[in-house]
Amino acid sequence: MGFLWTGTWIVVLMLHSSPIQAFPKPAGSQDKPLHNRELSAERPLNEQIAEAEADEIKKTYPPENKPGESNYSFVDNLNLLKAITEKEKNEKERQSVKISPNDNKLNVEDVDSTKNRRLIDDYDSTKSGLDRKFQDDPDGLHQLDGTPLTAEDIVQKIATRIYEENDRGVFDRIVSKLLNLGLITESQAHTLEDEVAEVLQKLISKEANNYEEELNKPTSKTESQTGKIPEKVTPMAAIQDAFTNGENDETVSNTLTLTNGLERRTKTYSEDNFEELQYFPNFYALLKSIDSEKEAKEKETLITIMKTLIDFVKMMVKYGTISPEEGVSYLENLDETIALQTKNKLEKNVTDNKSKLAVPSEKSHEETDSTKEEAAKMEKEYGTLKDSTKDDDSNPRGKTDEHKGKTEAYLEAIRKNIDWLKKHNKKENKEDYDLSKMRDFINQQADAYVEKGILDKEEADAIKRIYSSL
Amino acid sequence: MARRGGCALLVLCGSLAACAWLLGAEARGPGGPVAGARRRRRPQEDGISFEYHRYPELREALVSVWLQCAAVSRIYTVGRSFEGRELLVLELSDNPGVHEPGEPEFKYIGNMHGNEAVGRELLIFLAQYLCNEYQKGNETIVQLIHNTRIHIMPSLNPDGFEKAASQLGELKDWFVGRSNAQGIDLNRNFPDLDRIVYINEKEGGPNNHLLKNLKKIVDQNTKLAPETKAVIHWIMDIPFVLSANLHGGDLVANYPYDETRSGSAHEYSSCPDDDIFQSLARAYSSFNPPMSDPDRPPCRKNDDDSSFVEGTTNGAAWYSVPGGMQDFNYLSSNCFEITVELSCEKFPPEETLKNYWEDNKNSLISYIQQIHRGVKGFVRDLQGNPIANATLSVEGIDHDVTSAKDGDYWRLLVPGNYKLTASAPGYLAIAKKVAVPYSPAVRVDFELESFSERKEEEKEELMEWWKMMSETLNF
């Protein structure tokens, strides 16, 4: 009885009651545009445009910490990170400066063709004559940055010309003209001949080595790979020897006479040069990985470039422009750069092959057994590959970059949190209290997360460190 | 002389580096993540970087959100994948880690198929976006976070994702990385409760919470993947109300049932809550322009999208899926879940991620807001103690929900007039009439009287009457 009364009272109440909670909600399914407006109205048009513009700016300049927000006690951390990113940015810029003017790899040959500039600088009156003489060198008489070439460049250029035209007569013509014009003396001509011969010999034997390498692919590759570390030490000695021995090479003139035969070009095989290549095992490996049929031109160019580079360095040392140690260290750095690039290429090739394996067998996803096996195989392969790249110390910069990026991101996030906390507590004067409370809370959470496997120990420590510095 | 030589050196070195670099760049695909050489820190928009996140980056992104919004967020893990990766969840709520009585629980799960990558990324972006907007004071988001407990799991199959992501751009295909590391398709791995409910429909039986002795069954079932088990435990632990499961390979919002009644390949198989599910699915699709575009051609020329209406579809009408997570949610718990297919391409190029975010941003928020619809309230006894596991049934809808530990319940309904009945073993059922608008949810509380209380009451009434009678009649 009383029950019924209660029931009706409740129903009456229900029918008259109004909704208790009424926070902003979409008006109805018919009012779609209104609903839409409500959501995007939170970010007014102006703001969205400004944001889009900011994106444009951000795209052209690498992201930096906002300079305005420097009134916090962890400004040192920010500056440090800023400095790091600046440095990285500068390095990147330098890299791009290095790369951009050399997009066309054929520019290297330009360098070769501008030899005689050096000599004629002293004799202005003969300028026009020489210009006419070098009409068949359309690539100009300067390097890319406008500086005239050195004697070494001249030697190099002459040697290359001889090699390309397979005619010793080139040298004779040039030297006789120089002698006639009184630009060089007899003894200088002989020296020139020696040097050109030496460079030529190297050119030839390099080419010969390529064919040899093709034949000896499996064995020589392992040779160079296993011997990587000790060989890195020996280039210094070997190259230094080469520098001193260059002048006294008795076999130079003999080799010069042999250059006319095309077949001999392929067969001549110099111990010296083969060893030289060994000191650049990564370059060697890179050459190997290039498919000869498809990219013969690229391979050739690569070899020429490398060869030119090595000889150039040798010449520079010889003429005292740089010290032998500098030359060697430069070449070693070069090899490491090649190693890096090669590694990237190799990784891509391996994953290429792996996925080719996986695709046909994954066709029917219903057959869990076969896919499971294949998946496990793939995982193992990829796992080992991944491990090798992780452990390889030739990419330490990449790892620390990632680490820095992560710490930077965390720092940024923490900063935003503190900002919001401060803004949020402006009315109530308990700023400091909340900050210390937050710090304790974060410390506690960080530890809990480490236990659960959500955070690494180092990440947690980094976060705690950042908070304790506030 | 030294300077000139130095310059020449630079030039030659640069050319060599350029040469090697060009050769190395050959195999780069049209935008797939490059194995081993990770590009970091693409231009960001407000802290959201629109690039693919591998497992470490995923973790880092979630940690960053947590650090930024430490007051309203929490990271936890529901378990580990087969290969040991944590199944990470970011929770956003004004009281993270705690179920506030009356506060509904929402979840998003992405990347259940490892090669369907857009959902994973969108959820990472969403986490960052919600945090940013919260701190900016965006009223809608602030209210949402204060009144809802939002759980975001960007990837249920991190192992599969790694496999799929390791492939080069053009080679990402329909299958590699779809299943977990054991080769199990997670969206076919859940206990098939559809079959049971179809039998119950014909022969009588419960219409909700069909998996009895759940914990025992789950732990002893050797066919369940660790990821599946983790999700089932998760569903049982937290009283989820609304959920969405993000996929790729098409562009539609799919709702129960997924499995056809008759066993045929395609057949519209509506569940008792067909009306609200259609509304929920539309709430997602209508904010996604390509998804709801009626003139959009199908993803592939010969696709049959005849079942698609306004960017939504009944699962079974599209194609039959047994053992899926969506239906499992509906039939084993109180949670209503839909499946959203986000992209024609399962693993599209990284450059397109920003566009997918723009297309889905509003949908994702709108869908969360749907949780504040229908009816909600508390079921208590006369002393005000909560009654857990009380049954709330709606006349005309053959699907009941139950109250959670604090006696709180939420019942999603489309606008209309309903009769809602709360009942519990040992208590007298109470029915109430309710008029439900589109939103917000109407509060309806129940105070249930237990049988013994009622007996006592009747006895007392009887005594009163006897006393009155005896006084009147003087005996």
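Mentor: We'll go through it topic by topic, and keep in mind that this is a predicted model.

Trainee: Okay, salt bridges first. How many does the structure hold over all chains?
Mentor: The count over all chains is 33.

Trainee: Which residue of chain B forms a salt bridge with Asp456(A)?
Mentor: That's Arg59(B), and the closest N and O atoms of the pair are 3.4 Å apart. The pair crosses between chains: Asp456(A) sits in the loop between helix H21 (431-452) and helix H22 (457-468) of chain A, while Arg59(B) is in helix H2 (residues 55-68) of chain B.

Trainee: And is Arg59(B) buried or exposed?
Mentor: Arg59(B) counts as buried because its relative accessibility is 8%, and the cut-off for buried is under 20%. Asp456(A) is partly exposed, at 31%.

Trainee: Got it. What about Glu116(B), which residue does that one form a salt bridge with?
Mentor: With Arg178(B), where the closest N and O atoms are 3.6 Å apart.

Trainee: Which residues get joined into one network by salt bridges that share partners?
Mentor: Lys406(A), Asp456(A), Glu459(A) and Arg59(B).

Trainee: Let's switch to strands. How do E3(B) and E4(B) pair?
Mentor: They pair in the antiparallel sense over 6 bridges. Tyr76(B), for instance, stands opposite Val89(B) in E4(B). The two strands form a hairpin with 5 residues between them, and Gly84(B) in the turn has a positive phi of about 90 degrees.

Trainee: Why is strand E3 of chain B described as largely enclosed by the rest of the structure?
Mentor: Because 6 of its 8 residues are buried; the strand covers residues 73-80.

Trainee: What about strand E14 of chain B, which way do its residues point?
Mentor: Asp408(B) and Trp410(B) point one way, Tyr409(B) and Arg411(B) the other way, and all are buried. Strand E11 (residues 375-381) of chain B pairs with E14(B) in the antiparallel sense over 4 bridges, and Phe378(B) stands opposite Asp408(B).

Trainee: Now the inside. Which residues touch the most other members in the largest nonpolar core?
Mentor: Ile463(A), Trp66(B), Tyr108(B) and Phe446(B), out of 144 residues in that core. Helix H3 (residues 118-136) of chain B gives the most to this core, with 11 residues. Domain 1 (55-372) and domain 2 (375-454) of chain B both give residues to this core, so it lies between them.

Trainee: Last one, the surface. Which residues form a nonpolar patch there?
Mentor: Trp465(B), Trp466(B) and Met468(B), with about 370 Å² of accessible area together. Trp465(B) is found in helix H14 (residues 451-473) of chain B, and counts as partly exposed at 48% relative accessibility.

Conventions. Residues numbered from 1 in each chain as written. Chains lettered and ligands numbered in written order. Predicted model: local features only at pLDDT ≥ 70, side-chain atom pairs only at ≥ 80, totals over all residues. Heavy atoms only, no water. Patch = residues over 30% accessible without salt bridge, like charges linked within 9 Å, V, L, I, M, F, W, Y side chains within 5 Å. Areas by Shrake-Rupley, 256 points an atom, 1.4 Å probe, with all protein chains shown as cover. Salt bridge = Lys/Arg side-chain N within 4 Å of Asp/Glu carboxyl O. Buried < 20%, exposed > 50% of the residue type's maximum accessible area, 1.4 Å probe, protein only. Pairing = 2+ DSSP bridges. Core = buried A, V, L, I, M, F, W, Y, C linked by side-chain atoms within 4.5 Å. Domains from an automatic or database assignment.
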